[in-house]
Amino acid sequence: HDLGRHIVHEFVDTPATYAQHYHVAAGTPFALSHGLAQLSLARPGAFTGNVPNVMYVGASSRPGNGVPLVLVGAQLAAQQAVENLKKRSLVSFGVK
């Protein structure tokens with residue numbers, strides 16, 4: 001499956017672009033705003049809903065920021081990806 005052909009718009013953020021656009025030359029340790037509107041369940045989930053089989057993980061998505069929570073999010077995303085692959089394999093063999 002060629003993911004590249006599905007990309008309509010691509011934007012790459014780097015520390016330099018963050019410094020230029022958001023005036024945070026030292027970085028953003030909490031990714032999204034760390035206010036009440038961006039804590040815990042208010043952060044975006046792993047799935048976009050618009051693009052199948054694309055998952056988000058990191059400080060700006062659930063479960064949240066900080067190395068421990070990002071690692072938990074990565075583990076959850078990996079487990080979900082494996083489950084999705086298992087389901088696809090079963091469907092392709094006619095198993096429901």
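This is a short tour of a predicted model, stop by stop.

**Whole chain**

Start with everything shown as a cartoon. The protein has 2 helices and 0 strands. Select 15-22 for helix H1, then 67-92 for helix H2. The protein exposes about 7700 Å². Colour by element: carbon and sulfur atoms supply 64% of that area. Of the 96 residues, 10% count as buried.

**Ser61**

Select Ser61. Where does Ser61 lie? Ser61 sits in the loop between helix H1 and helix H2. Is Ser61 buried or exposed? Its relative accessibility is 4%. Buried means under 20%, so Ser61 counts as buried. Show its neighbours next, leaving out residues up to four places away in sequence. Ser61 then touches Arg43, Pro44, Gly45 and Tyr56.

How many salt bridges does a search of the whole structure find? The search finds 1.

Look along the helix at this pair. Glu83 and Lys86 are 3 residues apart in helix H2, so about one helical turn separates them. Glu83 is partly exposed, at 37% relative accessible area. Lys86 is also partly exposed, at 47%.

Conventions: Residues are numbered from 1 along each chain as its sequence is written. This is a predicted model: local features need pLDDT of at least 70, side-chain atom pairs count only at pLDDT 80 or more; totals for chains, interfaces and linings use all residues. Side-chain values use heavy atoms; hydrogens and water are left out. Helices (H or I, at least four residues) and strands (E, at least two) are DSSP runs, numbered from the N terminus. Buried means under 20% relative accessible area, exposed over 50%, partly exposed in between (1.4 Å probe, protein chains only). Contact means heavy atoms within 4.5 Å. Accessible areas come from the Shrake-Rupley method with a 1.4 Å probe; for residues, only the protein chains shown count as cover. A salt bridge is a side-chain nitrogen of Lys or Arg within 4 Å of a carboxyl oxygen of Asp or Glu.
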